[in-house]
Amino acid sequence: MLTAMNVVAMHIANGIVDARTSAAFAVVSLVALGFCVLRGRADLDDRLAPMAGLVAAFIFAVQMLNFQVLPGVSGHLLGGALAATLVGPWVGALCVATVLIVQCLLFADGGLTALGLNVFNMAVLGTAAGYLVVAGLLRLLPRTPGGVAATAFVASVAGVVVASQGFVIEYAMGGTTQLSLGTIAATMAGVHTLIGIGEGLIAATTVATVARVRPDLVYALRRFRTQPAAATPEAVTA
Amino acid sequence: MSRRLGWFLAGGLLLAVLLAGVVSGFASGSPDGLDATARHGCTTDAQGRITGGTCMARHEQDHQLAGSPLADYGIRGIGNGRLSTGLAGVLGVVVVFALSGGTFWLVRRRKPVS
């Protein structure tokens with residue numbers, strides 16, 4: 001079946017970026033994830049830990065849903081901005097990284113050699129860029145389901161485009177072919193803006209739903225509230 | 001964990017299982033943004049393998065685990081594409097939830113006694 005054969009996620013395969021650059025990014029990603037573990041522990045309580053497991057499982061599921069963005073070109077959610085909004089940047093990056101590791105080891109998606117590159121782009125860069133937008137926008141927008149949905153939308157577009165440029169940097173450092181970087185950067189940014197809009201719609205719907213049903217489970221709403229919490233003191237000292 | 005949170009998680013997981021198990025069979029089969037960009041300039045055969053030209057993926061290699069029974073989101077031996085993808089998707093959801101949820105639960109910050 002065509003659909004089954006072509007279910008591929010947006011991950012770098014082996015042999016597109018050379019082994020040395022891949023190894024370097026594997027080290028960078030490992031250090032970044034280690035830092036996320038250290039910082040994320042402060043966020044991980046009885047409520048956030050199972051929620052983060054659900055966020056990772058949900059991102060895995062939605063990454064399988066490629067949607068058409070241009071004739072012959074599809075895209076799927078990467079999930080960094082969504083994860084950062086729901087469970088915070090540190091745990092969010094770990095959620096996306098877990099998805100990428102399971103995809104690589106269990107489903108042979110995204111090269112094993114390229115795992116560090118993929119983790120860096122989607123888990124580290126995508127989540128970081130998405131969260132920066134969340135942190136900025138939620139100071140301006142109302143802390144309502146609509147406000148947090150709009151935030152998640154913009155953060156998703158930014159996260160996906162930044163992640164796509166991470167690939168351009170990696171290709172510039174160790175691409176196994178010599179092609180025009182400007183063209184690649186522009187093509188990647190263009191197509192990933194479209195993918196980001198698709199991701200943004202999914203992330204906005206998801207975040208708005210959670211914010212309506214259980215606003216206390218949305219990290220961004222807890223973190224950026226104007227009034228200090230009455231019951232639970234803020235543990236994060238960022 | 002409160003019972004209310006338990007119901008929320010169960011609902012969320014059910015949705016993830018439905019998305020990965022059923023909706024995945026209707027996903028677009030076109031190459032994704034990165035793949036399409038990486039193959040731009042090359043010619044490919046019916047299987048999507050590169051046959052010539054100049055593109056970023058010209059020297060692409062197979063995944064080290066390309067022969068694994070779950071490779072490319074399918075279960076080897078199941079002929080029906082949607083069923084194979086769907087079951088692999090459900091398995092993936094369960095594995096990701098168990099692995100991440102379990103790890104996060106183990107390293108979580110215990111509530112201070114008050």
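Modeller: Let's start with the domains: the centres of domain 1 of chain B and domain 2 of chain B, taken over C-alpha atoms, are 27 Å apart. Keep in mind that this is a predicted model. The domain assignment puts domain 1 of chain B at residues 29-61 and domain 2 of chain B at residues 68-109.

Now the secondary structure. Chain B has three helices and two strands, and if you read along the sequence they come in the pattern α-α-β-β-α. The overall shape goes like this: chain B has a radius of gyration of 20 Å, well over the 13 Å that the globule rule gives for 114 residues, so chain B is more spread out than a compact globule. As for burial, 32% of the 114 residues of chain B count as buried. And if you take the contacts in chain B with a separation of 6 or more, 30% of them are between residues 24 or more positions apart.

Next, zoom in on the strands. Strand β1 of chain B covers residues 42-44 and strand β2 of chain B covers residues 50-53, and the two pair in the antiparallel sense over three bridges. To find your way across the pairing, look for T44(B), which stands opposite I50(B) in β2(B). β1(B) and β2(B) form a hairpin with five residues between the strands, and there G48(B) takes a positive phi near 85°.

Then there's the partner. On the chain B side, 61 residues are in contact with 66 residues of chain A. Several elements of chain A each supply at least two residues to the side that touches chain B, among them α3 (48-63), α5 (89-107), α7 (145-174) and α8 (181-213), along with the strands β1 (67-70) and β2 (73-75). The largest share of that side, eleven residues, comes from α3(A). By residue type, the side of chain A that touches chain B divides into 42 nonpolar, 18 polar and six charged residues.

Two stretches of chain A need care. Over residues 1-9 of chain A, pLDDT stays under 50, and the model has 30 contacts beyond four places in sequence for them. Over residues 228-238 of chain A, pLDDT also stays under 50, and there the model has five such contacts.

Notes:
Residues numbered from 1 in each chain as written. Chains lettered and ligands numbered in written order. Predicted model: local features only at pLDDT ≥ 70, side-chain atom pairs only at ≥ 80, totals over all residues. Helix = DSSP H or I, 4+ residues; strand = E, 2+ residues; numbered from the N terminus. Rg over C-alpha atoms; globule rule 2.2 N^0.38 Å. Buried ≥ 20, exposed ≤ 12 C-beta atoms within 10 Å, placed from the backbone. Contact = placed C-beta atoms within 7 Å. Pairing = 2+ DSSP bridges. Nonpolar A, V, L, I, M, F, W, Y, C, P; charged D, E, K, R; others polar. Domains from an automatic or database assignment. pLDDT = per-residue confidence, 0-100.
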